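Please look over the sequence and the model that follow, and keep both at hand while reading this report.

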Amino acid sequence: MTSLIFGDPVAWPDHDVVGISTEFSIGMVVEAYAHGVFPMPVEVHGSPEMAWFSPRRRGVLPLDGLRVTRSLRKMVKRYRVTADTAFDRVVAKCADPDREGAWINERIATLYGQLHQRGLAHSVECWDGDDNLVGGLYGVGLGGLFAGESMFHDPERGRDASKVALVRLVDFLNGAGGERLLDVQWRTDHLATLGVIEIDRYDYLDRLRQVLPTPAPSWASLPESWSI
């Protein structure tokens, strides 16, 4: 699974960053995801660059392993959930500089918006009863891979809305059939409570190779909203 851009994984360094570049393009990003790599912006000697990551310990959520508590199941019914109706707004919410650990910059937001226009990036949105966008997530889809990038919730109006978006996403991917992989980059304590596990980099690359030939799910066939 050698990449023309990122090379042979066997030669990658023994840490999460496998490359740094000034170049950042749609072609590079698609190549990256197809080979188990994803970008995040960094500064090198005060200059903005793009770091390319392939974690040695990768976070994934098995589609049969999502943990939905009774209270979360009740919360699901409180929100109207849509897909691909407010992609740019979801990205903007995830990029809010007031959020702890905010990392999404204008280069990322612009390029992923272009991926969305090409049907390669998707969002799931949660709306409250007053039609306020209170939570959501977005990520990249290639074949049977959905690589989650970021999620957000409104702490006042949608405390569990990001979790609800994830529940809906898992429902959707399960319903699409075939071999699929839900990548979340890194396992955190919060994500672990939802069922996220860690796997070795090479295990991830093997799974990725298996799911990429799976036909992508039909996001366009989704209703404007769906309920559990």
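How many residues does the largest nonpolar core have, and which of them have the most contacts inside it? In this predicted model, the largest nonpolar core is made up of 45 residues, and W52, Y112 and Y138 are those with the most contacts inside it. Helix α1, which covers residues 26–33, gives the most to this core, contributing five residues.

Strand β7 deserves a careful look of its own. Running over residues 133–142, strand β7 has ten of its ten residues buried, which means that it is largely enclosed by the rest of the structure. In general, side chains in a regular strand alternate between the two faces of the sheet.

Strand β7 pairs with strand β6, residues 121–127, in the antiparallel sense, and strand β7 also pairs in the antiparallel sense with strand β8, residues 145–153.

| Hairpin | Bridges | Residues between the strands | Turn residue with positive phi |
|---|---|---|---|
| β6 and β7 | seven bridges | five residues | D131, about 60 degrees |
| β7 and β8 | eight bridges | two residues | G143, about 55 degrees |

Notes
Residues are numbered from 1 along each chain as its sequence is written. This is a predicted model: local features need pLDDT of at least 70, side-chain atom pairs count only at pLDDT 80 or more; totals for chains, interfaces and linings use all residues. Side-chain values use heavy atoms; hydrogens and water are left out. A nonpolar core is a set of buried Ala, Val, Leu, Ile, Met, Phe, Trp, Tyr and Cys residues joined through side-chain atoms within 4.5 Å. Buried means under 20% relative accessible area, exposed over 50%, partly exposed in between (1.4 Å probe, protein chains only). Helices (H or I, at least four residues) and strands (E, at least two) are DSSP runs, numbered from the N terminus. Two strands pair if DSSP finds at least two bridges between them.
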